[in-house]
Amino acid sequence: MKYLNPKADLTFKRVFGEHPDLVMSLLNALLPLKKGAEITEIEYLPAEMVPENPLRKYSIVDVRCKDKQGRQFLVEMQMLWSPEFYQRVLFNASKAYVRQLDKGETYELLQPVYSLNLVNDIFEPELEGYYHHYELVHVEHSDKVIDGLQLIFVELPKFTPHNYAEKKMQVLWLRYLTEINERTREVPEELLSNPEINKALTELEESAFTEEQLAGYEHFWDGISVEKTIYNSAIRKGLAEGLAEGEAKGKAEGEAKGKAEGLAEGLAKGKAKLLLVAANMKKKGIDLASIIECTGLDEKTVNAL
């Protein structure tokens with residue numbers, strides 16, 4: 001059996017945008033819902049129109065739904081991380097929260113909005129965990145929470161299933177998202193034996209897609225590759241500019257101290273961050289080729305970390 005990657009626009013929307021039972025299972029597995037507050041029924045909402053952005057047009061997959069209590073759930077697959085992503089997620093979740101009320105209705109009708117963001121990139125290299133949950137809490141008394149917005153970010157490359165066996169369905173869904181791709185020929189039995197994961201796997205079978213759909217699928221990944229190249233080139237350009245700026249500053253001051261300070265300032269803008277990211281990726285067991293591709297560092301530098 002030949003499968004497609006579930007993280008692509010085409011496949012993600014087919015699995016989670018056309019099967020309420022599957023997106024409900026994913027949400028129950030990954031959201032910080034209290035016992036007894038699990039989702040039991042899902043209704044899809046119209047997808048939000050995302051403004052065209054040449055640099056980001058391939059990186060957003062969007063599924064929106066609500067349950068019978070009125071709670072809203074936004075699910076996104078982000079292929080590449082960018083600094084503005086936090087703000088965009090907060091903006092979209094806030095907009096969904098505000099739009100619940102018509103004029104004249106009372107605030108008591110507002111229901112929580114959960115934003116689940118699956119990120120195929122590492123954006124918190126300093127933190128060990130892959131799961132990041134944000135909510136409105138009292139700064140001094142963290143047990144005091146204002147209900148309304150719940151933002152969840154999952155760093156898929158950090159996920160390692162052997163460390164999280166206590167959350168079975170969360171592990172199964174994350175294994176589905178991280179292990180299944182075009183190279184998969186034999187699916188692990190623990191995935192096949194779960195009815196929901198098995199159904200989601202069936203939706204990924206290449207034979208279920210038309211030639212036109214497969215062409216669009218390839219175009220999606222080509223776009224991701226181009227976007228990643230542009231983004232990494234921008235990082236390397238920033239590093240080079242920072243180094244040049246540091247050298248120029250040092251020469252202008254005419255002193256060794258000035259040059260050292262200038263170089264350090266330039267390095268701080270680029271290389272130091274890249275080294276930190278590479279070190280944390282290496283610590284997480286991410287393969288050498290992926291680290292080199294994501295950071296632009298050479299093999300010798302990565303091996304020395």
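Student: In which strand is glutamine 78 found?
Tutor: This is a predicted model. Glutamine 78 belongs to the strand that covers residues 72-78. That strand is S3.

Student: Is glutamine 78 buried or exposed?
Tutor: Buried means under 20% relative accessible area. The relative accessibility of glutamine 78 is 2%, so this residue counts as buried.

Student: Why do the buried residues of H6 line one face of the helix?
Tutor: Helix H6 spans residues 195-202, and Ile197, Ala200 and Leu201 are buried in it. Looking down the axis of H6, these buried residues fall within an arc, so they line one face of the helix. The arc is 105 degrees.

Student: Which helices do the buried residues of H6 pack against?
Tutor: The buried residues in question include Leu201. They pack against helices H1 (9-17), H2 (20-30), H4 (168-179) and H5 (189-192).

Student: Which residue caps the N-terminal end of H6?
Tutor: The backbone nitrogen of glutamate 196 lies 3.1 Å from a side-chain oxygen of the capping residue. That residue is asparagine 194.

Student: How many helices and strands does the chain have?
Tutor: The chain has 305 residues, of which 42% count as buried. Its secondary structure comes to 11 helices and 6 strands.

Key: Residues numbered from 1 in each chain as written. Predicted model: local features only at pLDDT ≥ 70, side-chain atom pairs only at ≥ 80, totals over all residues. Heavy atoms only, no water. Helix = DSSP H or I, 4+ residues; strand = E, 2+ residues; numbered from the N terminus. Buried < 20%, exposed > 50% of the residue type's maximum accessible area, 1.4 Å probe, protein only. Arc of directions from axis to C-beta. Contact = heavy atoms within 4.5 Å. Polar contact = N/O pair within 3.5 Å; in protein donor to acceptor, adjacent residues only side chain to side chain.
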